[in-house]
Amino acid sequence: MPRVLIVLGSKSDVPVAEKAAKILKTLTIDYEVVVASAHRTPERVVDLAKNSGAEVFIAIAGLSAALPGVIAAATLKPVIGVPVGGKVNLDAILSIVQMPGGIPVASVGLDRGDNAALLAAEILALGDKELQNKLVAYRQKMAEDVLKDSEEVAKNVQC
C-alpha cells in the first residue's frame, strides 16, 4: 500500500509528478501516481480520496486547479496541492491557496513537486523515526552541496 498517493489532473502534469517521485524514491517512501480529473472524472477523485490507503495525498493540477480541494473535501487525510504553471499561473495558485474555511489544503509553490514530496515526508516522519533520520541526512547533503558550490565559486570567480 503506498503511503503517498500522487493524483494528477491530467497527464500533462507528469513532469511535476516526476519531481515528487524522485524525492519519494530517494527517501524510500512508497507512492503511487494516478490521473483523475476533478471536472472530467469527479467520482473517481472522490473514490480515491475516500478509499485509498495512502496517508498523504499530493494533488497536482493547473488551470482552475480544483483537484486538491475536491480531494480534501472527501477525506480527513492531509492534502498537499501543487499548482502547475501555464498561460495564467495565478489561477492555479489561487485555486489551491484560497480554500474555504474548514477544508484545508497545504500548498507549495508553482511546479514544486519536490517540495510537496518533502512536505509529505515531514508529515509521515511525525510518527516515523527512521524517516526523520533520512530527512536530516537529506538536509545535511543539501547544505554540503551549497558549501561545495561556494568554494567552487570563490576559486573561479574574481570580482
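Predicted model: local features only at pLDDT ≥ 70, side-chain atom pairs only at ≥ 80, totals over all residues.
A few ground rules on the numbers: local features need pLDDT of at least 70 and side-chain atom pairs count only at pLDDT 80 or more, while totals for chains, interfaces and linings use all residues. Residues are numbered from 1 along each chain as its sequence is written, and side-chain values use heavy atoms, leaving out hydrogens and water.

**View 1. Helix α1 has a buried side and an exposed one.**
Helices here are DSSP runs of H or I with at least four residues, strands are E runs of at least two, and both are numbered from the N terminus. α1 takes in residues 14–26, 13 residues in total, and spans 18 Å from its first C-alpha to its last, close to the expected 18 Å (1.5 Å times one less than the number of residues). Val16, Ala17, Ala20, Ala21, Ile23 and Leu24 are the buried residues of α1 (buried is under 20% relative accessible area, exposed over 50%, partly exposed in between, with a 1.4 Å probe and protein chains only). They sit on the same side of α1 because they cover an arc of only 165° around the axis, taken from the directions from the helix axis to the C-beta atoms. Pro15, Glu18, Lys22 and Lys25 are exposed on the other side of α1.

**View 2. What covers the buried residues of α1.**
The cover includes strands β1 (4–8), β2 (31–35), β3 (56–61) and β4 (79–83), plus helices α5 (113–125) and α6 (129–156). After α1 comes threonine 28, with a positive phi near 50°.

**View 3. Strand β4 and its two parallel pairings.**
Five of the five residues of β4 are buried, so this strand is largely enclosed by the rest of the structure. Val79, Gly81 and Pro83 are on one side, with Ile80 and Val82 on the other. β4 pairs in the parallel sense with β3 over five bridges and with β5 (residues 106–107) over two; pairing takes at least two DSSP bridges between the strands. Isoleucine 60 has valine 82 of β4 as its bridge partner, and glycine 81 has serine 107 of β5.

**View 4. Threonine 75, in the loop between α3 and β4.**
Threonine 75 counts as buried because its relative accessibility is 14%. A polar atom of its side chain lies 3.1 Å from the backbone nitrogen of lysine 77. Leaving aside residues up to four places away in sequence, threonine 75 touches Ala49 and Phe57 (contact means heavy atoms within 4.5 Å).

Terms used. Polar contact = N/O pair within 3.5 Å; in protein donor to acceptor, adjacent residues only side chain to side chain.
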